[in-house]
Amino acid sequence: MLVLKDARVVTVAGRTLERGTVLVEDGKIAACGVDVAVPAGAEVLDLTGKWLTPGLIDAHTHISTFNEPNTLPAQIDGNEKTDPVTAQVRGIDALNPFDMAIEEARRAGFTTCYTGPGSANVIGGTGISFKTRRGATVFDIAIPGSEHMKFALGENPKRVYGVEQKRAPMTRMGLAAILRRTLYEALDYSEELRAGEADPEKRPKRNFALEELVPVVRGQRKCRIHCHRADDIVTAIRIAEEFRLDFSIEHCTEGYLILDFLREHRVDCVIGPLTMPPGKMEIWGRKLTTPARMEEAGINFCLTADTSSGTKYLPMHVGLCMAHGLSERAAFEAVTLRPARLLGLGDRMGSIEPGKDADLAVWSGHPFNNFTLCERTIIDGTVYDNLS
């Protein structure tokens, strides 16, 4: 049993406790409050003057799929650039528990991250959520059942196929057409599977790629749609609604141009990265004010660093957003409870509440101040000392 005593406890689920205590038992949060009794024989960590928060969550990374440490020229596993549709590709097959980015994220207070394929393909395959704890195999860190499907619109697939390989998709029209065609094929295959369940003689020949899209078109698996430019965001939403998909918009760089549309369609957004240089045209409009404007408009969003070991800098990005108008409450939610819910893990993590996983972070000061250190990260009740 572990007692975290007298910290400034940011529960996220409710009020912040000025001298709060959290009781951890069997890897779960057993109690949280200002009058929690300290059981006899418990291990006690005196956190006077420290901040205690839920473990941070980055809902959009490429940890391990964009291998680190890397080589020159880079040999990353994040994009299977052999076909614009690679729904059969699984990010878990590139998830290496010894990738340096996992420890870097853990030392920065992150207890859970989502990783997956990049955005070179129209349909890139599935990603997965994982805990940043130490492990020897994917079975030690991956969270089963948290797979999402990656879609991408805009410059990346156009460049990889239209420019580099001189094949479709060369245009935004062609890109949207490939996405629609594949979703129609997945719907047909889904119906054939249902018919085969009723009559084995009608069972179709197995289709490896379409198999992974069946839960997508049935609304049982979220799709994460990469798009930066406002018109691409609208195209993504139109297609997602046409096929009744469960989806989120990833990056949403020019989302501030269509705030009313995003609110009307109740779109979940994962915003970031917010500190990239203008390396391609569609991110020229990146603004640190975007999260504050989305908060004011009542749009649900998370924040991401969209990188590998660079996830450790996301708290700094959040601080910059606060300097540009984002409220403290929304800032904490955007890297804890909201990404937990987006990943389908809100019942397990993202806030300090009894019954949830004991995934916590201990800070020397305000977590989004760049003078602050994450001194300890706690995952399922196991304490990692970040200062040693």
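Author: Start with a term. A nonpolar core is a set of buried Ala, Val, Leu, Ile, Met, Phe, Trp, Tyr and Cys residues joined through side-chain atoms within 4.5 Å. Buried means under 20% relative accessible area, taken with a 1.4 Å probe on protein chains only. This is a predicted model, where local features need pLDDT of at least 70 and side-chain atom pairs count only at pLDDT 80 or more, while totals for chains, interfaces and linings use all residues. Residues are numbered from 1 along each chain as its sequence is written, and side-chain values use heavy atoms, without hydrogens and water.

The largest nonpolar core has 79 residues. Phe-151, Ile-225, Ile-249, Leu-262 and Leu-303 have the most contacts inside it. Helix 4 gives the most to this core, with 8 residues. Helices here are DSSP runs (H or I, at least four residues) and strands are too (E, at least two), numbered from the N terminus.

Take Phe-151. Its contacts (heavy atoms within 4.5 Å) include Leu-179, Leu-183, Leu-213 and Ile-225, not counting residues up to four places away in sequence.

Now helix 4, residues 172–198. It packs with helix 5, residues 208–217, at an angle of about 90°, with axes 8 Å apart. Axes are lines fitted to C-alpha atoms, for helices over the stretch in contact, and angles run from 0 to 180 degrees between N-to-C directions. The two helices are therefore roughly perpendicular (65 to 115 degrees). Leu-183 of helix 4 and Leu-213 of helix 5 are among the residues making this contact.

Helix 3, residues 155–164, has buried residues including Val-160 and Tyr-161. The buried residues of helix 3 pack against strand 9, helix 4 and strand 10.

Terms used: Parallel < 35°, antiparallel > 145°, perpendicular 65-115°, else oblique. Buried < 20%, exposed > 50% of the residue type's maximum accessible area, 1.4 Å probe, protein only.
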